[in-house]
Amino acid sequence: MNLFDYAIKMEREGEQYYRDQAAKNPEHAISRVFTLLAEAEVKHAQLLQRRSDRLSVDQALAALRSDKTIFADLDDFKSGAITIPRQLDVYELALGLEKKSIEEYTRLKGASTDAADLQLLDFLIEQEEQHYSLFEQLVTLLRRPVDWVEDAEFGKRDEY
């Protein structure tokens, strides 16, 4: 399996995971985030396919960079009865997947010498780092109410 086949397979698996999570959590606003992440993975796979076919990726990269962020069209989160352990488990798993994607693209970058391939891999690493940051923040937000100890006698606390 060459670099592109492997990376395309990884993106498609990521897309399927995010679509599954969106379908399993339709009552939560995070379902929209999972859907947008799945769509981003589709775009990444298309971009990789273009490069695999030795087509120009410059226009595709420009289009992806100008896309709205995943937060652009989100509605306000309406909190009902939230199953925090279930959400937290999903976010932690997604965090791990994003970390593995970053590691894999970094490894593939180290094995490549083609300038266009390196540019593409840099872009994908940047995208996966943004996804990682999103899930890292969600995990922090869900853990803080459980882990936080509020008492004046304890030292300096991190700001929210």
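Two residues are in contact here when heavy atoms of each lie within 4.5 Å. In this predicted model, L108 touches L3, Y6, A7 and L121 in that sense, leaving aside residues up to four places away in sequence.

**Overall fold and confidence**

The chain holds 5 helices and 0 strands, and along the sequence the elements follow the pattern α-α-α-α-α. Mean pLDDT for the chain is 79, with 72% of the residues reaching 70 or more. Of the 160 residues in the chain, 38% are buried. Among contacts between residues at least 6 apart in sequence, 71% join residues at least 24 apart. The chain exposes about 9,900 Å², of which carbon and sulfur atoms supply 52%.

**Helix α1 and residue E11**

Helix α1 comprises 22 residues and spans 32 Å from its first C-alpha to its last, close to the 32 Å expected at 1.5 Å a residue. Its buried residues are L3, F4, A7, I8, M10, E11, G14, E15, Y17, Y18, Q21 and A22, a list that includes the charged residue E11. E11 counts as buried because its relative accessibility is 1%, the cut-off for burial being under 20%. Beyond residues up to four places away in sequence, E11 touches E41, H44, A45, L48, Y105, L124 and E128. The C-alpha atom of E11 is also separated by 8.7 Å from that of S101, although the two residues are 90 apart along the chain.

One of the contacts of E11 is H44, a residue of helix α2 (residues 30–52). H44 is buried, with a relative accessible area of 1%, and, with residues up to four places away in sequence not counted, H44 touches E11, F123, L124, Q127, E128 and H131.

One of its contacts is L121; the C-alpha atoms of L108 and L121, which are 13 residues apart along the chain, are separated by 7.8 Å.

| Residue | Relative accessible area |
|---|---|
| E11 | 1% |
| H44 | 1% |

In soluble globular proteins, nonpolar side chains tend to be buried together. In this model the largest nonpolar core has 18 residues, of which Y18, I30, F34, L37, Y91, F135 and L138 touch the most other members. Helices α1, α2, α4 and α5 (115–147) each supply at least two residues of this core. Another core, of 16 residues, lies apart from it and has I8, A45, L120 and L121 among its members.

Within the largest core, Y91 is one of the residues that touch the most other members. Its contacts, again without residues up to four places away in sequence, are I30, F34, F135, L138, V139 and L142.

Conventions: Residues numbered from 1 in each chain as written. Predicted model: local features only at pLDDT ≥ 70, side-chain atom pairs only at ≥ 80, totals over all residues. Heavy atoms only, no water. pLDDT = per-residue confidence, 0-100. Buried < 20%, exposed > 50% of the residue type's maximum accessible area, 1.4 Å probe, protein only. Helix = DSSP H or I, 4+ residues; strand = E, 2+ residues; numbered from the N terminus. Core = buried A, V, L, I, M, F, W, Y, C linked by side-chain atoms within 4.5 Å. Expected span 1.5 Å × (residues − 1). Areas by Shrake-Rupley, 256 points an atom, 1.4 Å probe, with all protein chains shown as cover.
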